[in-house]
Amino acid sequence: MLDLVLCGGTVVDGTGAEPVRADVGVRDGRIVAPGPAREVVDCTGLVVTPGFVDLHSHADFTIRHSPAAESCLRQGITTIVTGNCGSSPFPSVPGVNETLGGAGERDTTQWPSFTAFAESVDEREPGVNVAVLVGHAALRAAVAGSELRDLTATELAAMCETLKTLAEEGIHGLSTGLIYAPGSFAPTDEVVALATVAAEAGLLYSTHMRDEGDRLLEAVEEALETARRSGVRLQISHLKAMGPVNHGKVREALQRIHSARAAGLDVACDVYPYAASSTRLSSRLPDWALDGGASALVTRLHEPETRARIRAEVSARIGRTLLPEGTMIAALSQGPFHRWIGATVAEIAAADGAEPVDTVLDLLRDHQGDVWIVNHAMAEEDVETVLQDRLSAVASDGWVLDTAGGGHPHPRHFGAFARAFAKYHRTRGVVDLADVVRKMSALPAERIGLRDRGTLNEGRIADVAVFDPQTFTDVATYEKPLAYATGIAHVLIGGRFAVRDGALAAQRHGRVLRR
């Protein structure tokens, strides 16, 4: 007798195989052949898929405060991969590394180890599974704080030893954020040393590359060089081209990725289905301005001569990769600009009678460098180009897990996976049904190394999403982002209902996945 049978739905198994009308059996938390069951759920007219795997999340900074993870479950996401872009809440050394969280309501608690962090998350009984990467910036900050300098041999060796320990504790990979301080302070050789350790431990290396605008292709080459020299499995995060002068470069970037793969590198990429990014406003500053961390930046912005130097370098980006009319304030701390959340830099500058570059610097000065933006600087054609590529997985790059936090976040937190299906499959036909499901399930599961999830093959863990193919869609918009996706009927995690008949279950069934 089985525990459950999902009966009569259109089964898309995640492998890329054509959809079929079939039944799916569940027993002891795993997928089995259908048969007599204690419970039968009619899925006629619905699509039955593996639970989706979000390969690029920052919810390690929010999952403890919003453990239900409703924004994920409403999209059919059953596993999130955190610790991306070089930022993770561990390892920390008191008094050495500054918080790597930020963004207003985000959790800034730091943990000495992966084990301590994982135990804390499991205590909150998360609504989704959590696979964890360690951030390079956290490793670096633990030995060198926020200092702009090369590491000593002793410091680098200490980072490598810490990474080995974390691998033994069960992390799934290493990430870098080479566009963000202090990760941006690291030369390629430092990254290669850590990637070599990651390769030896069988970990994935995921990188937010050093540049996504004028030097995008050079950044791709650096990532590929790191993989060649270290032997690591490489994941290029949220591949895109920022700024009108760079639109179209993703084609060349993808060609280089495919050439490297043909030459033997294990490399792939991911993409969120939006033509706007969301990031820290401080990432638009030169590295030297961020030497010493946020407090040092604020001091520099109060010094007329130093501010003038920063202003000159930021001015060179205005109109290229920093577009004032497309840079919207998503979150910042209390202060003089708090009322402007949801407005663009151009609108704020016009109201104040200021130059946009001065508004950027004033925002950072008056809000301790902690300003988050939604940045409209990408091309829709580029999004489609990357999404169509067979090596690209769908990801959210999100961290907002419910609608209670307020602010004006990017809609991707609530709609990325639903949008990939609704806009790019159902409406525009950019990807077919089997492939869009593969990009949201089997492909990301394979990249992160979850061998028992990601497909509906017999024996796999029964993480399952069931949705209405006509109503599964994103509702969140740039104007009104705080809205959950619609159309999810059921979600199973380990064979147990996390969502049933469109309602969240009372119990939560996720956990931290140790490698």
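Student: In this predicted model, which residues of strand 12 are buried on one side, and which on the other?
Tutor: Strand 12 is mostly covered, with five of its five residues buried. In a regular strand, side chains alternate between the two faces of the sheet. Here both faces are covered: Val 267, Cys 269 and Val 271 are on one side, and on the other are Ala 268 and Asp 270.

Student: Which residue in strand 16 is the bridge partner of Asp 270?
Tutor: Start with the pairing: strand 12 and strand 16 run parallel and share three bridges. Asp 270 takes part in this, and its bridge partner in strand 16 is Ala 393.

Student: And strand 11, which residue there stands opposite Cys 269?
Tutor: Strand 11 (residues 233-236) also pairs with strand 12 in the parallel sense, again over three bridges. Strand 11, helix 7 (residues 249-262) and strand 12 make up a right-handed β-α-β unit. Standing opposite Cys 269 is Ile 236.

Student: Zooming out, which strands stand at the edges of the open sheet?
Tutor: The open sheet has eight strands with parallel pairing, in the order 6-7-8-9-10-11-12-16. From one strand to the next, the twist averages 25°. A strand with a single partner has one side left without a neighbour in the sheet, so the edges belong to strand 6 (52-54) and strand 16.

Student: At about what angle does helix 13 run to strand 12?
Tutor: Helix 13 covers residues 380-388. It lies across strand 12 (267-271) and strand 16, and its direction relative to strand 12 is about 135°.

Student: What kind of pair do Trp 372 and Trp 399 form?
Tutor: Searching the whole structure turns up ten aromatic pairs. A pair of aromatic rings is described by the distance of the centres and the angle of the planes. For Trp 372 and Trp 399 the centres are 5.0 Å apart and the planes stand at 65°, which is over the 60 degree cut-off, so the pair is edge-to-face.

Student: What about Phe 421 and Phe 472: what relative accessible area does each have?
Tutor: They form a tilted aromatic pair, at 5.7 Å centre to centre with 40° between the planes. Phe 421 is in helix 14, and Phe 472 is in the loop between strand 17 (464-467) and strand 18 (488-493), 51 residues apart. Buried means under 20%, so both qualify: Phe 421 is at 1% and Phe 472 is at 0%.

Student: Which residues form one aromatic cluster with those two?
Tutor: The cluster takes in Phe 421 and Phe 472.

Student: Which Arg lies over the face of Tyr 272?
Tutor: There are two arrangements of this kind to look at. Arg 280 lies over the face of Tyr 180, at 5.5 Å from the ring centre. For Tyr 272 the distance to the ring centre is 4.7 Å, and the residue is Arg 412.

Methods. Residues are numbered from 1 along each chain as its sequence is written. This is a predicted model: local features need pLDDT of at least 70, side-chain atom pairs count only at pLDDT 80 or more; totals for chains, interfaces and linings use all residues. Side-chain values use heavy atoms; hydrogens and water are left out. Rings of Phe, Tyr and Trp (its six-membered ring) pair if their centres lie within 6.5 Å; planes under 30 degrees apart count as stacked, over 60 as edge-to-face and the rest as tilted. Helices (H or I, at least four residues) and strands (E, at least two) are DSSP runs, numbered from the N terminus. Buried means under 20% relative accessible area, exposed over 50%, partly exposed in between (1.4 Å probe, protein chains only). A charge sits over a ring if NZ of Lys or CZ of Arg is within 6 Å of the ring centre and within 35 degrees of the ring normal. Two strands pair if DSSP finds at least two bridges between them. Axes are lines fitted to C-alpha atoms, for helices over the stretch in contact, and angles run from 0 to 180 degrees between N-to-C directions. Contact means heavy atoms within 4.5 Å. A crossover is right-handed if, with the strands pointing away from the viewer, the path from the first strand over the helix to the second runs clockwise.
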